[in-house]
Amino acid sequence: MKLKILIIDDDMALCRLLKNNLEQEGYYVYTCHDGVIGLNELQHADYQLVILDIMLPLKNGYEVLEKIREKSFIPVLMLTAKDSEGDKVSGLRMGADDYLTKPFSNSEFLARVSSLLRRYTLFNTTNISDEYITVGRLSIHKLRREVHKDGLLLELTAKEFDLFLFFAENPGKVFTKKQIYRGVWNDEYAFDDNNIMVHIRRLRKKIEDNPESPKYILTVWGVGYKLDNMK
């Protein structure tokens, strides 16, 4: 069965190019050119990845992303024509799993797509045991990809869940940013420290009582991060 990808971008020429390249890799691809139509399409079809431009008519990419995250943890790869750190950080903070700045190479684009889909399908396969991991007041349901705190469901993005599960399966072990990138993004480290730090900061806001004084994901200065081995 082909994996389905939705592209939401008002650049029709770029959409045709990306669609053609993805279909050559064996994916099913549907394109739409404004945020409203894109959200409507997501309500009526099951997709495994959304490729989302920031600059869109009717609803911009941030607004579309916000609506997606209200109901779904589907991976979202954001595209931006602005080489601005602020745009990238804003997208990550709102729930994007990765980003690319235009123009980008086809090889990098396909690598990012493959990495996101690999993580998504890996954690949504029926071969994963239906079990919980308990960390302090938090519980992780691996098959359902859910995290509960004191019995209440936390709204984590796909990448936030992957990141927390990575730590939870290795409690007490200190990981460098390079090891985290390889383990969670399943890709070679590209010195993208900001991407990792933004995701950890965003995850802390959701799982910690006080994100400024974390009790779960701890910073090991000069080395990296670890999950406190709570009993």
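In strand E3, valine 50 is the bridge partner of leucine 6, and 4 bridges join E3 (residues 49–53) to strand E1 (residues 4–8), the two running parallel. This is a predicted model, in which local features need pLDDT of at least 70 and side-chain atom pairs count only at pLDDT 80 or more, whereas totals for chains, interfaces and linings use all residues. Residues are numbered from 1 along each chain as its sequence is written, and side-chain values use heavy atoms, with hydrogens and water left out.

**Sheet**

- An open sheet is formed by 5 strands in the order E2-E1-E3-E4-E5, with parallel pairing; strands are DSSP runs (E, at least two residues) and helices likewise (H or I, at least four), numbered from the N terminus, and two strands pair if DSSP finds at least two bridges between them.
- Strand E2 (28–32) and strand E5 (98–101) are the edge strands, each pairing on one side only.
- Helix H2 (residues 35–44) lies across E1, E2 and E3 and runs at about 160° to E1, where axes are lines fitted to C-alpha atoms, for helices over the stretch in contact (heavy atoms within 4.5 Å), and angles run from 0 to 180 degrees between N-to-C directions.
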